[in-house]
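The sequence and model come first, followed by notes grouped by topic.

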Amino acid sequence: MFLTANYSRNFIITLSAVINIKAGIVPTTQNYRNRKVRLMYIQWKKSYETNHPLIDVEHRLLVMLFRKLDVAIKTGETETTVLRIVQEVKRYVKFHFTSEENLMYETNYPGIEGHIAIHTHLLVDLNNMLGKLTIHREFPEDVLDFLSDWLTNHIAHHDQLLAKHVTNATDRPVAELIYPEYLQAIIAQDSIPD
Ligand SMILES: [Fe+2]
Ligand SMILES: [Fe+2]
């Protein structure tokens, strides 16, 4: 358990629910420790869409992992389980940043230095926040608030600017046609012939 007193835990869940309503996170009713409580889980929002196929797919996976961590914390999964999910989140975030930065290099994004600096800063903040869980075994709700802020600020603002640039850039991303074709095949559950 991350928090020793049930009272503190329930108070923080309630507080977090209020914060998440402000962030536009939709409520879900869950049976939590034999009590019906209103829980808010991180979820995909229309404002996160950039209309770039690769960026949007990676962001959807990012939100899915944030949500997985959110659910694990709020439904009282074991410490070991939560910390393993933390590793998933950290590794996927690094992967996603590299992927976006490659798009910047391939399309000569003028804002590349600033955006990479923001990624570096976010990784430091993420490591600090996740370190609170890993080392001190506390503050799980702070981590969830941090992830919610990240979604609303970075994805809905900075990544929108990048996607707009990539869409209109003269220098095209490497193998860009692969993204929509491959993803469409997955959605349609087509198999690629041998
Ligand atoms: Fe992103
Ligand atoms: Fe980004």
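At 1.5 Å a residue, helix 4 (residues 112-134), with its 23 residues, should span 33 Å, and this agrees with the 32 Å between its end C-alpha atoms. The expected span is 1.5 Å times one less than the number of residues. Helices (H or I, at least four residues) and strands (E, at least two) are DSSP runs, numbered from the N terminus.

This is a predicted model, in which local features need pLDDT of at least 70 and side-chain atom pairs count only at pLDDT 80 or more, while totals for chains, interfaces and linings use all residues. Residues are numbered from 1 along each chain as its sequence is written, and chains are lettered from A and ligands numbered from 1 in the order in which they are written.

**Helix 4**
- His115, His119, Met129, Leu130 and Leu133 are its buried residues (20 or more other C-beta atoms within 10 Å of the residue's own; exposed is 12 or fewer, partly exposed in between; C-beta atoms are placed from the backbone).
- Helix 3 (79-106) and helix 5 (140-168) are among the elements that cover these buried residues.

**Helix 5**
- Helix 5 has 29 residues and reaches 40 Å from first to last C-alpha, close to the 42 Å expected.
- At Asp159 helix 5 bends by about 35°, the angle between axes fitted to the seven residues ending there and the seven starting there.
- The buried residues of helix 5 include Leu144, Leu147, Leu151, Ile155 and Asp159.

**Whole chain**
- The chain has six helices and two strands, in the order α-β-β-α-α-α-α-α.
- Of its 194 residues, 21% are buried.

Technical notes: Two residues are in contact if their C-beta atoms, placed from the backbone, lie within 7 Å.
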